[in-house]
Amino acid sequence: MIDNIVEFFKNLPPKKCTECGETVSEQHECYGTKCDKCLNELI
Ligand SMILES: [Zn+2]
C-alpha cells in the first residue's frame, strides 16, 4: 500500500499558478500556489 502512495506522489504534475497557469517553483510553496509574477503583483 505504501508503495502505491509513493507512486502517486511521484506522478503528480508540477504545481501550477492559480492566477496565470505558470509552473510554480517548489521553494515558493509557503506562499501558496502563485508564481513569481503573480506574487510580485500582490506586493
Ligand atoms: Zn502566475
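1. What percentage of the 43 residues of the protein chain count as buried? The figure is 7%. Here a residue is buried if 20 or more other C-beta atoms lie within 10 Å of its own, exposed if 12 or fewer, and partly exposed in between, with C-beta atoms placed from the backbone.

2. Please keep in mind that this is a predicted model, in which local features need pLDDT of at least 70 and side-chain atom pairs count only at pLDDT 80 or more, while totals for chains, interfaces and linings use all residues. Residues are numbered from 1 along each chain as its sequence is written.

3. On secondary structure, the protein chain has two helices and zero strands. These are DSSP runs numbered from the N terminus: helices are H or I with at least four residues, and strands are E with at least two. Helix 1 covers 2-10 and helix 2 covers 36-42, with Cys 35 in the loop between them.

4. Setting aside residues up to four places away in sequence, Cys 35 touches Cys 17, Cys 20, Glu 22 and Val 24; two residues are in contact if their C-beta atoms, placed from the backbone, lie within 7 Å. Lys 16 is 19 residues from Cys 35 along the chain, yet their C-alpha atoms are separated by 7.8 Å.

5. Cys 20, a contact of Cys 35, also sits in the loop between helix 1 and helix 2. Is Cys 20 buried or exposed? Cys 20 counts as exposed, because it has 11 C-beta neighbours inside 10 Å. Beyond four places in sequence, Cys 20 touches Cys 35, Lys 37 and Cys 38.

6. Finally, Glu 19 is in the loop between helix 1 and helix 2. With 15 other C-beta atoms within 10 Å, Glu 19 is partly exposed. Its contacts, leaving aside neighbours within four places in sequence, are Lys 34 and Cys 38. The C-alpha atoms of Glu 19 and Thr 33 are separated by 8.4 Å, and these residues are 14 apart along the chain.
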